[in-house]
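Biologist: Could you walk me through this model before I start looking around in it myself?
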Amino acid sequence: LGDARTRAGAYVEAAAAYRAARRLVDNDVVAEARLALKLARVQGWLDRYASVLRWLTKGLNILKGDPSAEAAHQRAELLAWYGRCCQDEGRHHKAIKWSTLAVAEAEAVGHKEALADALRFIDYAKMELGELEEPVNWVRALALFEELDNLPGQSGVLNMLGMFAYFRGEWDKALELYKRAQATVHRTGNAVMDAIYVSNIGEIALDQGRLDDAEQHFENASRVVRAARYRAGTAYVNINLARLAARQARYGDSLRIFEESIAESRDVGALEKLLEAQARKAECLMLSGEVPAALAVAEEGLALARGLG
């Protein structure tokens with residue numbers, strides 16, 4: 001029930017189901033660790049990333065001293081998600097460290113799903129660090145997810161490959177990959193991830209100057225992530241809504257929405273989203289003619305960027 005609610009974007013209700021399931025676990029450390037992972041994943045949508053890491057650490061501690069193959073499989077999943085959470089925080093070097101540990105654990109026990117999860121966040125971190133020349137790990141992860149018929153995993157990697165193409169200026173290719181990700185996630189019924197892909201598609205429309213199309217995409221995405229109470233997703237979509245307002249010369253609205261995104265990102269612990277919001281806010285201030293303020297915000301963003309690598 002918790003899994004179904006998670007797929008549907010009903011994260012509060014999913015967390016309640018997982019907590020109810022924990023009360024039914026009796027001396028089964030693997031089941032307890034698995035539920036700790038599920039709660040960590042749900043908390044990643046609803047709460048601060050620090051609470052996610054606490055649940056993941058709890059799961060790893062539960063498995064200490066258990067030499068069974070089942071425990072090793074669960075440990076690989078927890079390590080992979082630890083790396084993912086570090087990446088969501090914007091701590092790219094830590095993400096690579098934990099994801100690499102997950103790769104080793106997953107390969108040792110033949111856990112293909114955990115291996116694919118870990119591989120995709122190694123390349124994501126490398127892309128953010130400016131070190132990704134070719135998405136070798138993403139290609140390998142996509143093949144693994146296809147072999148497993150894992151649709152959420154496939155859609156996630158396709159979206160990341162779209163991001164890679166977008167940042168290289170290959171917008172037609174990026175759009176094709178985003179739409180493939182969207183078609184795949186539609187088969188799972190996950191409206192929240194679909195909303196993120198919709199926002200990514202809208203970002204290309206915004207950069208191409210198709211403001212009406214971009215606005216429709218962003219507003220549709222915003223309704224879904226807010227309804228799901230997905231805090232980091234709301235902060236992300238707000239960045240694009242604020243950029244759109246700046247392009248429409250609604251600078252007051254833009255700055256207000258940026259402040260909402262900055263506050264949410266800071267509270268959640270999503271430092272990468274916080275950095276992007278600050279950089280885009282500086283752009284808005286520059287466009288509105290507030291040059292000294294733009295420079296101050298840009299310098300603050302640069303300091304954060306150096307701290308994140």
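This is a predicted model: local features need pLDDT of at least 70, side-chain atom pairs count only at pLDDT 80 or more; totals for chains, interfaces and linings use all residues.

Biologist: Which residues touch the most other members of the largest nonpolar core?
Modeller: They are Tyr11, Leu56, Trp138 and Tyr230, out of 106 residues in that core. A nonpolar core here is a set of buried Ala, Val, Leu, Ile, Met, Phe, Trp, Tyr and Cys residues joined through side-chain atoms within 4.5 Å. Buried means under 20% relative accessible area, exposed over 50%, and partly exposed in between, with a 1.4 Å probe and protein chains only.

Biologist: And what does Tyr11 touch?
Modeller: Setting aside residues up to four places away in sequence, Tyr11 touches Thr6, Val42, Trp45, Leu46, Val192, Ala228 and Tyr230, where contact means heavy atoms within 4.5 Å.

Biologist: Is Thr6 buried or exposed?
Modeller: Thr6 counts as buried because its relative accessibility is 19%. Thr6 lies in helix 1, residues 2–7, with helices taken as DSSP runs (H or I, at least four residues; strands are E, at least two) numbered from the N terminus.

Biologist: What does its side chain pair with?
Modeller: The side chain of Thr6 makes a polar contact with that of Tyr18 at 3.2 Å. A polar contact is a pair of N or O atoms within 3.5 Å; within protein, one must be able to donate a hydrogen and the other to accept it, and residues adjacent in sequence count only if both atoms are side-chain atoms. Beyond four places in sequence, the contacts of Thr6 include Ala14, Val42 and Trp45.

Biologist: Switching topic, how many cavities of 30 Å³ or more are there?
Modeller: There is one, and the volume of the largest cavity is about 70 Å³. On a 1 Å grid over the protein atoms alone, a cavity is a set of points where a 1.4 Å probe fits but cannot get out, and lining residues have an atom within 4 Å of a point. Points are joined across faces, edges and corners, and a volume is the space filled by probe spheres set on them.

Biologist: What lines the largest cavity?
Modeller: The lining consists of Leu206, Arg243, Ala246, Arg247, Phe258, Arg280, Glu283, Cys284 and Leu287. Helix 13 (231–247) and helix 15 (271–287) are the elements giving two or more residues, and helix 15 provides the largest share, four residues. By type, five lining residues are nonpolar, none is polar and four are charged.

Biologist: Which residues other than glycine have positive phi?
Modeller: Asn27 is one of them, with phi of about 60 degrees, and Arg229 is another, with phi near 60 degrees. Asn27 is in the loop between helix 2 (11–22) and helix 3, whereas Arg229 is in the loop between helix 12 (211–227) and helix 13. Asn27 is exposed, with a relative accessible area of 78%.

Methods: Residues are numbered from 1 along each chain as its sequence is written. Side-chain values use heavy atoms; hydrogens and water are left out. On a 1 Å grid over the protein atoms alone, a cavity is a set of points where a 1.4 Å probe fits but cannot get out, and a pocket is an open set with protein on both sides within 12 Å along at least five of seven lines; lining residues have an atom within 4 Å of a point. Ala, Val, Leu, Ile, Met, Phe, Trp, Tyr, Cys and Pro count as nonpolar, Asp, Glu, Lys and Arg as charged, and the others, Gly among them, as polar.
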